[in-house]
Structures are given as structure tokens and as C-alpha cells.
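Me: Got a structure here I'd like to go through. Can you take a look with me?

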Amino acid sequence: MLCSQISMAPEQLWHEVLTRLEYRLTRPTFETWVKPTQAKALTEHMLVLEAPNLFACNWLQKHYLQPIGEVIIEILGHPLELQITTAQGEMRDQSWHLEGSLLAGNERNDDPQRPTETPFNRKYIFSRFVVGANNRMAHAAALAVAESPGREFNPLFLCGGVGLGKTHLMQAIGNYRLEIEPQTQVFYVSTEKFTNDLITAIRQDSMEEFREHYRAADVLMIDDIQFIEGKEYTQEEFFYTFNTLHESGKQVVLAADRPPNQIPRLQERLCSRFSMGLIADVQAPDFETRMAILEKKADDENVRLPRAVKEYLATHYTSNIRELEGALIRTIAYTSISGLPMAVEHIAPMLNPPVEKVAATPEAILGAIATLFDVSIELLKSNSRRREISLARQVGMYLMRQHTNLSLPRIGEEFGGKDHTTVLYSCDKIAQLRQKDTKLNQTLIQLSDRITVSRPHPYSSS
């Protein structure tokens with residue numbers, strides 16, 4: 001039924017909107033974000049809503065304008081401009097106009113040549129990437145590649161653990177290229193997608209189309225390239241795709257959780273090509289960088305973050321940026337909904353971060369290996385090639401590589417002066433064996449737990 005907004009009170013229109021939204025949104029979403037909002041004013045062209053607080057205001061604008069706008073169009077037969085404010089009069093600088101395309105805010109696509117959609121998340125841009133000592137080289141290299149693809153760092157190989165920013169950098173490259181040159185062919189796929197496309201091409205006898213597709217890229221970005229290990233035909237096909245693009249001056253960007261020489265069962269020629277450009281390591285952020293990340297995220301959410309809370313989060317979430325940002329979002333949501341002040345004593349029991357693992361020492365690793373394998377530390381450091389001692393020594397080197405910051409030569413010194421190539425061989429061998437040998441994998445897990453000491457955090461509920 002179409003109604004005229006002139007004859008309706010704002011409360012009447014909003015009640016009708018709520019009635020319809022209740023059946024379209026999940027109950028937690030509706031009860032937490034939409035239902036507490038009130039209608040305050042209604043004119044011929046605008047509906048003014050009041051959210052309980054600034055965080056709820058921001059969240060509504062980011063995530064629920066589209067369903068609200070669609071329902072208003074259903075009820076009135078035409079769109080309204082929406083303003084969302086708070087009881088304190090706080091609001092975002094921009095108003096929101098809901099039209100058929102439901103573009104966010106006042107962002108318009110005035111360039112007819114620019115695609116309206118890209119495969120990249122618009123929040124992953126260089127200006128939103130927090131640069132620290134842990135990622136400065138990777139950031140600089142990614143920006144150089146985005147500005148001048150195919151020139152200096154080709155390929156660019158980003159390596160590092162989960163949640164440290166590799167995906168952000170890759171998508172920032174894509175967003176940058178499409179911003180300055182919309183017609184650029186930028187492909188961003190996972191190794192799994194590349195492999196699945198290859199399998200489909202083989203099954204449908206369309207290998208020529210597969211090759212033409214990937215080799216048409218101006219910038220080809222492959223995420224999680226470590227999963228190519230052991231897939232011989234995929235490696236074969238990617239080798240020729242890589243060569244074609246590289247020889248044509250096209251840019252290749254790869255990301256993995258380890259350097260090329262530590263990817264098991266990777267063809268030597270691929271390892272060589274992956275290493276011919278720049279390998280940029282992305283490490284876990286230090287304390288200062290974690291603080292900066294929290295400050296930037298809080299600014300994005302228009303939230304004031306007390307220093308004590310920032311320090312608590314930065315101290316307890318140390319190895320993964322996604323977990324750090326997730327903890328901040330939960331903190332903001334919890335204090336907003338509960339009405340409690342944003343203080344450590346309130347958020348700590350809710351977050352209940354995992355116990356901190358103190359880094360293992362070389363002595364602890366040697367002792368744990370000696371006990372489990374029933375060999376002396378002297379034998380571990382000796383040149384004995386007895387099978388059981390060699391295995392114990394290789395496991396020890398692998399664990400020392402995983403759980404300490406020691407270089408390969410320093411690990412070799414801890415085992416009686418072994419060469420760094422021996423250490424690297426041992427680490428690679430154990431990494432391969434644990435994938436096939438479930439018993440060895442379980443042993444490594446038990447040893448890892450044994451050589452790291454749990455330290456409970458203050459305010460923890462445990």
C-alpha cells in the first residue's frame with residue numbers, strides 16, 4: 001500500500017519500516033541495531049532518525065541503510081534522504097540519499113569509463129594500511145608495483161603469517177591500478193581458484209581459453225601460492241603462464257605463508273622464478289604498530305579509545321592484526337550495548353583473551369627433545385648419524401626455527417656447530433613429514449605446548 005509521507009507522522013512511518021524489517025533481518029541484528037532507533041522528523045524529502053549512540057549511528061550507516069531504504073521505497077513509492085543522528089546531536093558529516101542504485105553517501109560514479117564494481121574490497125587501500133617496522137619494505141614494494149607494474153619488483157613475493165596484511169596489500173595494488181587506469185586487466189585469485197579453473201578447462205577441453213584468460217592479465221595476483229606444492233600439473237601450467245606474463249612485462253604478485261624455498265614439493269624452476277624479483281617478509285606488528293592500528297581503526301569508527309584499553313588490546317593480541325581489530329570491534333559493541341564505560345576491568349572478562357605463550361628458549365627445546373626421544377643433549381649436538389638421533393636433531397632444529405627468532409646459523413650453533421644448510425634441510429624435511437605422518441604431527445604439537453610457557457593475563461576470567 002502506498003502512503004503519502006505528508007499525511008504521516010515520522011513515528012508512523014518508522015513503525016511501518018520496523019514491522020517490515022523485523023522479518024527481513026536476523027533477530028540479533030534487528031534487536032541490537034535497528035529497533036532502538038527512533039524517528040525524529042519527517043519532511044517531504046527527508047527522514048531524520050536518532051540512534052542510541054554514535055557507534056550505533058555509524059554502524060547503521062555502514063551496514064543497514066540499504067534495507068531501510070528499500071522498505072521506505074516500498075511504503076512511499078519513492079526514496080527519502082536519511083539523516084541519522086544521536087540524542088547528543090552527533091552525526092556523520094554527510095547525509096545519505098537512497099535512490100534506486102543505493103549508492104553509499106554522496107559517492108557517485110561520474111566517470112562513464114570507470115567500472116561501478118571491482119573484485120577488490122574498497123577498504124583495502126594504501127592510505128588505510130598502517131606502516132611499521134614489521135611491514136615497511138612490503139608496503140613500499142607494493143606501492144612501487146601499483147605505480148609502475150612490471151618494472152622493478154617482478155615478481156613481488158609477499159610472505160608472512162595469517163592476518164598480517166598480505167591480502168590488504170594485494171588488494172590495495174588492485175584498487176590503485178583501477179583507480180588510475182580503469183581499463184587495466186587486474187586478476188586476483190587464490191591458488192585454489194587457479195587450480196579449479198585449470199581442472200574445469202581440462203574437463204571441458206577448453207585449455208586454450210584458460211590460457212588466453214590468465215595470460216591476458218596486466219597484473220596477476222595469486223594468493224596462498226604455498227598450496228601449489230605437490231600439484232604437478234598446476235605447477236606446470238602456472239610456470240608457462242608466469243613466463244608469458246613476465247616476458248611481456250606484465251606484473252606478477254604472489255603471497256604465501258613462507259618463502260619460496262620453504263614450500264615443500266615446489267618445482268625448482270618455479271622456486272627460482274618466485275625468487276627472482278623481491279621477497280618481502282611481513283612480520284607480526286610490534287607494540288607501537290599495534291597501538292597505531294588500534295588508533296586508526298578507532299578513528300574509522302569515530303570512537304574515543306582510552307589509552308589503558310589500547311594498551312590492554314595491544315598487549316594481549318600480538319600476532320594477528322585481524323584478531324586485534326576483531327577484539328576492538330567487540331570492545332566497542334559491548335560497551336555501546338551494555339552502557340558500561342570503556343575500561344579494562346569491563347572489557348577484559350568479555351574478551352577473555354587466550355593465555356599468552358612466552359617464546360621458547362633453545363635450552364627448553366633441547367631439554368624437551370632429549371627427554372621425549374630419550375637421548376642426551378650431548379648426542380643431539382654430536383655428529384652421530386644414528387637414525388633415532390638424526391630424527392631427534394631434525395625435530396629440534398625445526399622447533400627452534402618455529403618457536404625462536406634465531407637465524408639458521410645460530411640454530412646450527414645450538415646443535416654443535418652444524419652448517420645453516422643442514423638446518424634448512426632439516427626444517428624442510430620435518431615440515432614435509434608432518435603432513436604425511438599423523439603421529440609425528442601430534443608429537444610436534446605436544447612438544448610445542450611443552451616448550452612454551454602459558455602466562456595468564458590480568459583480568460582474565462580463567
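Me: What order do the five strands of the open sheet come in?
Reply: This is a predicted model. The order in the open sheet is 6-7-8-5-9, with parallel pairing.

Me: Which strands stand at the edges?
Reply: Strand 6 (186–190) and strand 9 (278–282) do. Each has a single partner strand, so one side of each has no neighbour in the sheet.

Me: And how many degrees does the twist average?
Reply: From one strand to the next, the average is 15 degrees.

Me: What packs on the sheet, touching strand 6 and strand 7?
Reply: Helix 7, residues 191–203. The direction of helix 7 makes about 95 degrees with that of strand 6.

Me: Back to the pairing. How many bridges join strand 7 to strand 8?
Reply: Four, between residues 219–223 of strand 7 and residues 251–256 of strand 8, and the two run parallel.

Me: What is the bridge partner of Leu-220 there?
Reply: Val-252, in strand 8.

Me: Different topic. Where is Gln-267 found?
Reply: Gln-267 sits in the loop between strand 8 and helix 10 (268–274).

Me: Is Gln-267 buried or exposed?
Reply: Buried, because its relative accessibility is 15% and the cut-off for buried is under 20%.

Me: Which residues does Gln-267 touch, not counting those up to four places away in sequence?
Reply: Glu-232, Gln-235 and Glu-236.

Me: And which side chain does the Gln-267 side chain join in a polar contact?
Reply: That of Arg-269, at 3.0 Å.

Methods
Residues are numbered from 1 along each chain as its sequence is written. This is a predicted model: local features need pLDDT of at least 70, side-chain atom pairs count only at pLDDT 80 or more; totals for chains, interfaces and linings use all residues. Side-chain values use heavy atoms; hydrogens and water are left out. Two strands pair if DSSP finds at least two bridges between them. Axes are lines fitted to C-alpha atoms, for helices over the stretch in contact, and angles run from 0 to 180 degrees between N-to-C directions. Contact means heavy atoms within 4.5 Å. Buried means under 20% relative accessible area, exposed over 50%, partly exposed in between (1.4 Å probe, protein chains only). A polar contact is a pair of N or O atoms within 3.5 Å; within protein, one must be able to donate a hydrogen and the other to accept it, and residues adjacent in sequence count only if both atoms are side-chain atoms.
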